[in-house]
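Here are my notes for a first look at this one. Have the sequence and the 3D view open, and take the points in order.

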Amino acid sequence: MRTKNAIVYITSILLVFAVCPAGVSDQFVKVKDVARFEGVRSNQLIGYGIIVGLDASGDSQQSQFTAQAVANMLQRYGITVPLARLKVKNVAAVMVTAELPPFVRPGSKIDITVSSLGDAKSLQGGMLLQTPLQAANGGVYAVAQGAVSVGGFTAGGDGNKVTKNHPTVGRIPDGAIIEQSVPTSLVSNGAMNILLNNPDFNTAVRVAKAVESRLGTGNATAVDAATVEVKCGDGVNPTNLIADLGELMVTQSMIAKVIVNERTGTVVIGGGVQMSPVAISHGNLSVEIATENQVSQPQPFSNSGDTVVVPQTTVTATEDRAHLVQLNTGSTLEDLVRALNELKVTPRDIVAILQALKQAGALHAELDVI
């Protein structure tokens, strides 16, 4: 009698040498693409609602808050039903969320998202009843209602089930009507602030200089890495000024950064990444351990001896020929990508190579592992 088990170990061998530093590159962009003006912002809205009209795919009796919500709603219309008698399989409790854009006026409509709060199987075909949407300050800024659009479905029976996408989350285009607007102040103490999306001292200074070239010296100041203060004279229309300044072209300082997601094997390398002279050697080492179990039995008609299992282990090690790639002084992202392609490495190996390059000082970029 023989049995065989095999275990395979695969490791990557990296050899890195590095020397001198390099710089990063910049690019021209519009101010409105890299910054926003203080006061121009959206607000999040949330509300609790119920969806009716489901085809027995709503919450079960275990979701007591759904039955309570239905009972409260019926009571508002003068109908009193014992809570224990309510069947809510055609009803689902949902959380309604939306984003209130800046400058919207009462009567405008916005899209909303509904998400199941209980154990409903699907929201397909449901109708959201009137739901007030509140901001963080507790004020009601919109009211939502309408037919839910679900980008999926679920079907099945007799133990078989088919589900496509996520049927317990849906959207209602233009499903909420704005009831009140949010006061917006663009100018404070005779000045407005430009806020950079990605704080950087060089970019802030360049934005201030670009504004001064349009409005005159002394009208813009880089307060810090994220804020540029712009003076607004009397009689200046803030809307016209924002539209004018947003079109200014500036040179954005690019941060050299490499983003690595070890869970998915995704690697994103910014265009400003520079390399020092470096040589990369990569090879795969494969170790296979095979165990063959042999059975040893005593001779026939023997009165002594036991049947025992004798394992026979075989170890085989194979190592691929290592490939050596060299990057010279001033090597850029393109050179690094070409080198990794020549090595024919997997995404997981690329993560290991980048970490080794950073540790050796050859990768002049911020390595962000998420």
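**Notes on the predicted model**

1. Buried residues (under 20% relative accessible area; exposed is over 50% and partly exposed is in between, with a 1.4 Å probe and protein chains only) make up 34% of the 370 residues in the protein. Keep in mind that this is a predicted model, where local features need pLDDT of at least 70 and side-chain atom pairs count only at pLDDT 80 or more, while totals for chains, interfaces and linings use all residues. Residues are numbered from 1 along each chain as its sequence is written, and side-chain values use heavy atoms, with hydrogens and water left out.

2. For the overall picture, the protein has 6 helices and 24 strands. These are DSSP runs numbered from the N terminus, with helices being H or I of at least four residues and strands E of at least two. The accessible surface is about 22000 Å², and carbon and sulfur atoms hold 51% of that; the areas come from the Shrake-Rupley method with a 1.4 Å probe, and for residues only the protein chains shown count as cover. Among contacts (heavy atoms within 4.5 Å) with a separation of 6 or more, 73% are between residues 24 or more positions apart.

3. Now find Thr131, in strand S7 (residues 127–134). Is Thr131 buried or exposed? Thr131 is buried, at a relative accessible area of 0%. A polar atom of its side chain sits 2.7 Å from the backbone oxygen of Leu129. Setting aside neighbours within four places in sequence, Thr131 touches Gly47, Tyr48, Gly49, Val96, Ala142, Val143 and Ala144.

4. How many salt bridges does a search of the whole structure find? There are 4, where a salt bridge is a side-chain nitrogen of Lys or Arg within 4 Å of a carboxyl oxygen of Asp or Glu. As background, side chains of opposite charge can pair when their charged atoms come close.

5. One of these salt bridges joins Glu247 and Lys30, with the closest N and O atoms 3.0 Å apart. Glu247 is in the loop between helix H4 (238–246) and strand S15 (249–253), and Lys30 is in strand S2 (residues 26–30), so the pair ties together parts that are 217 residues apart in sequence. Glu247 is partly exposed at 38%, and Lys30 is partly exposed at 28%.

6. Glu247 has another partner: Lys32, with the closest N and O atoms 2.6 Å apart. Here the link runs from helix H1 (residues 31–34), which holds Lys32, to the loop between H4 and S15, 215 residues apart. Lys32 is partly exposed, with 45% relative accessibility.

7. Asp111 and Arg171 also form a salt bridge, with 3.4 Å between the closest N and O atoms. Asp111 belongs to strand S6 (residues 109–116) and Arg171 to strand S11 (residues 169–178), 60 residues apart. Both ends are partly exposed: Asp111 at 36% and Arg171 at 42%.

8. S6 runs antiparallel to strand S5 (residues 92–100), joined by 4 bridges, and Met95 has Ser115 in S6 as its bridge partner. S6 is also antiparallel to S11, over 6 bridges, with Ile112 opposite Ile172 in S11.

9. Turn to H4, whose buried residues are Leu241, Ile242, Leu245 and Gly246. They cover an arc of only 125 degrees around the axis, so they are on the same side of H4; the arc is that of the directions from the helix axis to the C-beta atoms. On the other side of H4, Thr239 and Asn240 are exposed. Asn237 caps the N-terminal end, with a side-chain oxygen 2.9 Å from the backbone nitrogen of Thr239.

10. Last, check two backbone angles. Asp174, in strand S11, has phi near 55 degrees, a positive value in a residue other than glycine. Asp174 is partly exposed at 46%. Asn189 is not glycine either, and its phi is positive, near 55 degrees. Asn189 lies in the loop between S11 and strand S12 (191–196) and is exposed, at 83% relative accessible area.

Methods:
A polar contact is a pair of N or O atoms within 3.5 Å; within protein, one must be able to donate a hydrogen and the other to accept it, and residues adjacent in sequence count only if both atoms are side-chain atoms. Two strands pair if DSSP finds at least two bridges between them.
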